[in-house]
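Please view the sequence and the structure before reading on.

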Amino acid sequence: MESPAPRGTDVTRIAARSSVIESLKGCGLPGVRIDKEELRRKILIPQYLRQAMHDAIASRDHHAGDRHFANGGAPEVAPEAPMVVFINSRSGGRHGPELKGRLQELMSEEQVFDLAVVKPNEFVQFGLGCLETLAGVGDLCAKEIREKLRVMVAGGDGTVGWVLGSLQELHKQNREPVPPVGIVPLGTGNDLSRSFGWGGSFPFAWKSAIKRSLDRAIRGPTCRLDSWHVLISMPASEIVEPPHSLKISEDNVLDNYGLGVQVELPEKSIGYEGVFYNYFSIGMDAQVAYGFHHLRNEKPYLAQGPIANKLIYSGYSCTQGWFFTPCMSDPSLRGLKNILRMHVKKANCSEWEQIRIPSSVRAIVALNLHNYGSGRHPWGNLKPDYLEKRGFVEAHADDGLLEIFGLKQGWHASFVMVDLISAKHIAQVVGFRRLGAHWGSPYLDGRDHSFR
């Protein structure tokens, strides 16, 4: 892939995968007993470096750990697979705090970061910055640990994406290598975890399972995962609460990008940009997910675990018109073709192409993984002759392609989710742009930010 073009050029408007984040693929045999002390020996970071990183993060100064530099006595030896863990202690129902304590027992308190206290971007800037500073003044142990460091994330897909997005900043700052990432699935869907062999749910025998997960992170091979850069622009009057993966964009140029579409633009607009790894959706599916997210934040006592979350999600979707819609009241409820136009860039093609949105489609999903909606496969296992007929290729998580499909309504989506039928295949692309026909809905633009 090409390197990023300078900001402001036309090339930066091309949507493509922004980087390849390495993700550790789980391996190992279940049931094999893992010795606790042997595991600890392999992953425990020397105490002076743990304290140095802790001080650097707490003071927000990567030089704050300099005083811990072991410049006297016998030099410390780096462990085989130094590791840190980020945990969303609110995930996993009631097990979050217990899991945090178990992880601290298996390694050390300083190597387990509660995301409610330490944000992943703070770890990247100050924690890793501390190791790099010490390595720069001759600390060979710090240098080796920085090069060999691995990261585990205990949380759902949103938490994993948050950590991956923060680690991606290392690419932009030329601070490689980027630590590979493994997952302890604590979320509802856990599609990232499923796609890379880490499991789809938090196991009942979690105390022994955690040891196996850490051991897999030591021995597992690395796999590659595409990430996609997204720009969203909307009227400044719109009030939204963006997720951690979206930040206010300095580059908020609203125009039609030469697509030949005339749309009245608002006088003032605001932009957000970020990265996604799983999928993102437009339409009814997005509306339900957004509403469920806020419902869970407003009433956290409802989120007691994946099963409860799925039941609440299903019930909430029924109240949003996903299954029954008063179609005569608002034309936009009858299908997305009434409110947006979509242009895509296909592989080995330099021009943007407008594609027709089927009239019955009420949700459009751009999928980067094999899994969607708790391990479902809406794209399906397509036969070679169908792939050739549609100009598709077999989908992979690191192929630089997005699979775009549509869902018609709740009944159609239900059959798709139980694998009775495939979703409505729309396109397989290296990038796409969506332009709203009116400014009641946001504008989405994926842009190139390639690192390969």
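## Cysteines

Cys130 is buried, at 0% relative accessibility; buried stands for under 20% relative accessible area, exposed for over 50%, and partly exposed for values in between, with a 1.4 Å probe and protein chains only. Cys141 is also classed as buried, at 6% relative accessibility. A disulfide is a covalent bond between the sulfur atoms of two cysteines. With a disulfide taken as a pair of cysteine sulfur atoms within 2.5 Å, the count is zero disulfides.

## Basis of the model

The model is predicted: local features need pLDDT of at least 70, side-chain atom pairs count only at pLDDT 80 or more, and totals for chains, interfaces and linings use all residues. Residues are numbered from 1 along each chain as its sequence is written, and side-chain values use heavy atoms, with hydrogens and water left out.

## Salt bridges within helices

Side chains of opposite charge can pair when their charged atoms come close. A salt bridge here is a side-chain nitrogen of Lys or Arg within 4 Å of a carboxyl oxygen of Asp or Glu, and by this rule the model has 14 salt bridges.

One of them joins Lys143 to Glu147, with 2.8 Å from N to O. These two residues are separated by about one helical turn, because they stand four residues apart in helix 5 (residues 140–148); helices are DSSP runs of H or I with at least four residues, strands are runs of E with at least two, and both are numbered from the N terminus. Lys143 is partly exposed at a relative accessible area of 38%, and Glu147 is partly exposed at 45%.

Helix 6 (residues 157–172) holds both Glu169 and Lys172, three residues apart, about one turn of the helix. Their side chains form a salt bridge of 3.3 Å, N to O. Glu169 has a relative accessible area of 29% and is partly exposed; Lys172, at 39%, is partly exposed as well.

## Further salt bridges

Lys346 pairs with Glu353 in a salt bridge whose closest N and O atoms are 3.7 Å apart. Lys346 is partly exposed, with a relative accessible area of 34%, and Glu353 is partly exposed, with a relative accessibility of 34%. Elsewhere, a network of salt bridges links Lys36, Arg102 and Glu105.

## Surface patches

Lys337, Arg356, Lys389, Arg390 and Lys424 form a positive surface patch. Patches consist of residues with over 30% relative accessible area and no salt bridge; like charges are joined within 9 Å, and nonpolar side chains (Val, Leu, Ile, Met, Phe, Trp, Tyr) within 5 Å. Lys and Arg count as positive and Asp and Glu as negative, while His and the chain ends are not counted. The place of a charge is NZ of Lys, CZ of Arg, CG of Asp or CD of Glu.

A nonpolar surface patch of about 530 Å² is made by Trp411, Phe415, Val418, Leu420 and Ile421. Accessible areas come from the Shrake-Rupley method with a 1.4 Å probe, and for residues only the protein chains shown count as cover. Val418 sits in the loop between helix 12 (410–417) and strand 14 (424–429).

## Backbone features in the loops

The loop between helix 6 and strand 5 (181–185) contains Pro177. The peptide bond from Glu176 to Pro177 is cis, with omega near 10°. Asn174 is found in the loop between helix 6 and strand 5 as well; the phi of Asn174 is positive, near 55°, in a residue other than glycine. Asn174 is exposed, with a relative accessible area of 70%.

Arg60, in the loop between helix 2 (47–59) and strand 2 (83–87), is not a glycine, yet its phi is positive at about 55°. Arg60 is partly exposed, with 48% relative accessibility.

## A buried proline

Pro358 lies in the loop between strand 11 (353–355) and strand 12 (363–367). The relative accessible area of Pro358 is 9%, so the residue counts as buried. Pro358 and Gly335 are 23 residues apart along the chain, and their C-alpha atoms are separated by 8.1 Å.
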